Each structure stands twice: as C-alpha cells, then as structure tokens.
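I opened my notebook to record what I looked up in this structure.

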Amino acid sequence: MSSDRAAPGSVGRRAVLPDPAMPHHDTATPHSANLLVVPDDRRVAIERLAAEFRPGLRVALSTHMNADGDGCGSESALARILGAMGMDVRIVNPTPWPAMFDFLAGDGVRDFSPKGAAALRGIDLLVVLDISDVKRLGVLADAVRSLAVPKLVIDHHLASDEPAGTITLTDTAACATGELVYDLAATLGAEITEPIARALYTALLTDTGGFRFSNTTPRCHAIAGRLLAAGVDPEDMYRRIYASVSLNRLQLLRDALDTLRVDEESAIAWISVPAGALEQYGLQSEDLDGIVEHPRSITGTRLALFFRDLGHGKVKVSFRSTGDVDVNRFAKQFGGGGHARASGALVSGTLEDVRDRIVAAARDYVRAGAREEPSAPRT
Ligand SMILES: [Mn+2]
C-alpha cells in the first residue's frame with residue numbers, strides 16, 4: 001500500500017464538491033486508494049439500499065431490453081454478492097441473456113428470463129439495474145409497475161418521469177452502473193471475488209468503450225485497477241468482448257457500412273440496418289453494438305445516428321455525440337433519452353420515413369446549437 005498523504009488543505013477524499021453536471025475529477029486527492037472511497041454524495045442512497053438486503057430474501061435482478069455489458073456485468077456481480085449473503089437470487093430480463101456474456105453466468109448466477117413475468121412471482125425484492133425509465137423493461141414493465149414488493153433502482157442515466165422503483169441509487173457521474181454496484185459491495189463489506197471482479201470489469205470496460213469515452217474518470221480507472229488486483233486478466237477480457245467477432249457479424253458490418261451517409265455541412269453522419277438483416281446472418285441484436293461508432297468516428301462529425309428497422313413498424317434509433325451536441329435533449333423530441341452523449345429512441349414508421357424525419361430534425365438541431373454556442377460557453 002502506498003502512503004495516504006492528502007494534499008495540503010484537503011479534507012478527506014475531496015476538498016471541493018463536484019459539479020454534478022460535470023464528469024467526476026478528483027484533482028484534490030489523486031491517490032488511487034482515496035479514489036476507491038465511496039463518494040460522500042452517494043453514501044446516504046447506498047446505505048438506504050443496503051438496509052433492504054437480508055439473508056433469506058428472494059431477490060430478482062433485472063436490466064433493460066437487449067442487455068449490454070454494464071447490465072449483465074452489474075447483474076452477475078450483484079447476484080454473486082447477494083448470494084454470498086444468503087439471498088436466493090434470480091435474473092429476470094425482458095430479452096434473452098446475450099450469448100457473448102455467457103461467461104458471466106453459471107455457478108450462482110441463475111437466469112430466469114425465459115419464464116418472463118411469471119419469474120417475478122413470489123419474490124421479496126426487485127433490483128432494477130442500468131435503467132432510468134420503467135419502459136426500458138419492455139415486456140416486464142407492466143408486471144414491475146404492479147409489483148407490491150420493494151423496488152430498488154441502481155443506475156447512472158439521466159432521470160426519467162417514471163423510474164422503475166422508489167428506492168434509488170442514481171448518479172450520472174458514475175462511469176457505469178457497475179461502479180455503483182462496486183460502491184454497494186464496499187458498503188455491504190462484500191468480498192470482491194474473481195468472478196465478481198470480472199463482472200464489474202465487464203461493466204466498466206464496455207460502458208466506457210474500452211476506457212475511451214468521456215465517462216472514463218480517474219475513479220473508473222482506480223476501480224478497474226482494484227479489479228485487476230482481484231484477478232481479472234485484461235487481455236482475456238479484451239479478447240472475449242472485443243476480439244471474438246464472427247465472420248457473419250463482420251459481413252453485417254460490411255453491409256451496414258454500405259449505407260453510411262455523411263452530411264459534412266451539418267456535421268451529421270448516419271448508418272442503417274434494414275429489417276431481417278440479423279436473421280439473414282443468424283445474429284442477435286447485441287451484434288449491432290458499436291456499429292454507431294463508425295459514423296461517429298468520421299472526422300468532423302458532431303452527431304452520429306444509427307437506424308435499425310425492427311420490422312414491425314418501429315425503428316430503433318441510436319444517437320451519439322462527439323462532444324457539444326446534447327443528444328439526450330434531441331432524443332427526447334422522439335420520446336427517447338439516455339445520456340448527453342449517447343441516447344436512444346424507438347420511433348414508429350418505416351425505415352425511410354423515420355430516417356428522413358430524424359436526419360432533417362438533426363440538421364436543424366445541430367445548426368441551432370451552433371448558433372447558440374457563442375452566447376453559451378461551455379464551463
Ligand atoms: Mn450503463
């Protein structure tokens with residue numbers, strides 16, 4: 001252990017409370033040991049949550065449709081933590097557990113998702129992870145709305161009008177929901193075993209795009225370091241998550257790149273996947289993860305869009321910003337939301353119709369933002 005010298009004049013972990021609108025920067029006390037301390041502004045919510053857990057409880061964990069690395073990693077870690085405390089834990093997701101995260105399931109982690117809402121019967125407690133809006137529970141949303149048991153939410157998205165529960169631990173400064181599960185584990189005094197470390201590392205790694213996005217804070221790296229110390233093999237994780245691509249997935253990407261369009265004047269780029277494309281290649285929706293990064297990666301792009309035709313009159317739209325465009329606010333025009341730099345929406349219409357409408361709106365939105373900029377400097 002390194003010595004624990006605080007900078008002169010600092011009190012405890014943090015001398016200055018952070019602006020909640022800004023990413024978390026602990027410049028006052030940069031030592032990683034200090035970064036691991038649960039932030040003061042989360043402690044009350046975490047202790048409120050921790051008080052709900054008791055041995056013997058039957059607990060269901062759930063996350064959003066098309067669970068990602070943060071959802072699955074947070075669920076796997078929390079299932080193991082609560083299981084070790086003597087609780088009976090089951091995972092009940094609205095869509096099937098993604099095959100690429102099979103390595104996070106097994107032993108104590110039981111997936112009841114195929115049973116649907118029936119798997120929520122008889123539980124004592126529900127924990128909803130990585131969701132700010134109950135609608136993201138898809139086919140489980142109505143069952144969760146009418147559940148009479150305590151409903152806990154652990155999440156890092158911007159707040160919605162209808163959260164999935166009443167006892168909440170939410171902080172948009174957390175790089176991933178997995179960071180908040182790490183804090184909960186620390187508060188509960190849980191041992192970070194190797195499988196728990198691997199699950200939380202998956203959450204942090206995937207939600208930061210491999211520690212590249214702006215939510216990659218000093219604390220995120222400090223926790224990742226702690227997880228490596230608990231036995232995570234970073235190259236094994238990289239290979240499992242980013243370098244295990246099937247040929248079919250690459251062929252789908254090739255087709256998608258064919259649809260890439262760029263409006264250089266408006267700094268918008270977009271890409272589309274038609275209905276039936278996944279079926280054509282025998283792929284799952286998680287195989288589309290990261291496709292939107294291709295339009296976003298084009299030099300000069302400020303707003304990237306990804307349109308996926310779901311084939312039943314609905315188009316799933318992903319919105320990505322490279323910095324100053326608030327896509328959460330833009331996505332709200334279409335009934336969606338998420339983060340300022342990454343949001344989504346489900347829009348009714350044909351692929352062509354939705355794409356034309358949203359690209360036109362995006363042109364106006366980006367241009368309006370450009371006009372506002374000089375009078376509204378970023379702080
Ligand atoms: Mn997340």
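Below are my notes on a predicted model, starting with a sheet.

**Entry: the open sheet**

I started with the strand order, and 5 strands form an open sheet, running β2-β1-β3-β4-β5 with parallel pairing. Which strands stand at the edges? I found β2 (88-91) and β5 (167-170) there, each with a single partner strand, so one side of each has no neighbour in the sheet.

Then I looked at one pair in detail. Strand β1 (residues 58-63) runs parallel to β2, and 4 bridges join them. I picked out L61, whose bridge partner in β2 is I91.

**Entry: helices on the sheet**

Helix α2 (residues 40-50) touches β4 (151-155) and β5, and its direction makes about 140° with that of β5. I then turned to α5, which lies across β3 (125-129), β4 and β5. Its direction is at about 120° to β4.

**Entry: α3 against α5**

I stayed with α5 (residues 177-188) and checked how helix α3 (residues 69-84) packs on it: the angle is about 15° and the axes are 9 Å apart. Angles under 35 degrees count as roughly parallel, so α3 is roughly parallel to α5. I logged the crossing as left-handed.

Which residues make the contact? On the α3 side I listed D70, G73, S74, A77, L78 and I81. On the α5 side I listed T177, G178, V181, A185 and L188. I sorted these contact residues into 6 nonpolar, 4 polar and 1 charged.

My last stop was strand β7 (residues 268-273). Is it buried or exposed? I found 6 of its 6 residues buried, so β7 is largely enclosed by the rest of the structure. I268, W270 and S272 point one way, while A269, I271 and V273 point the other way. I noted that residues on both sides are buried.

Strand β6 (residues 261-263) runs antiparallel to β7, with 3 bridges joining them, and D263 stands opposite I268. Their hairpin has 4 residues between the strands, and A267 takes a positive phi near 60° in it.

I also found β7 joined to strand β8 (residues 303-309) by 6 bridges, and this pair runs parallel. Here I wrote down L305 of β8 as the bridge partner of W270.

Terms used
Residues are numbered from 1 along each chain as its sequence is written. This is a predicted model: local features need pLDDT of at least 70, side-chain atom pairs count only at pLDDT 80 or more; totals for chains, interfaces and linings use all residues. Axes are lines fitted to C-alpha atoms, for helices over the stretch in contact, and angles run from 0 to 180 degrees between N-to-C directions. Helices (H or I, at least four residues) and strands (E, at least two) are DSSP runs, numbered from the N terminus. Angles under 35 degrees count as roughly parallel, over 145 as roughly antiparallel, 65 to 115 as roughly perpendicular and the rest as oblique. A crossing is left-handed if the near helix is turned anticlockwise from the far one by less than a right angle, and right-handed if clockwise. Two residues are in contact if their C-beta atoms, placed from the backbone, lie within 7 Å. Ala, Val, Leu, Ile, Met, Phe, Trp, Tyr, Cys and Pro count as nonpolar, Asp, Glu, Lys and Arg as charged, and the others, Gly among them, as polar. Two strands pair if DSSP finds at least two bridges between them. A residue is buried if 20 or more other C-beta atoms lie within 10 Å of its own, exposed if 12 or fewer, and partly exposed in between; C-beta atoms are placed from the backbone.
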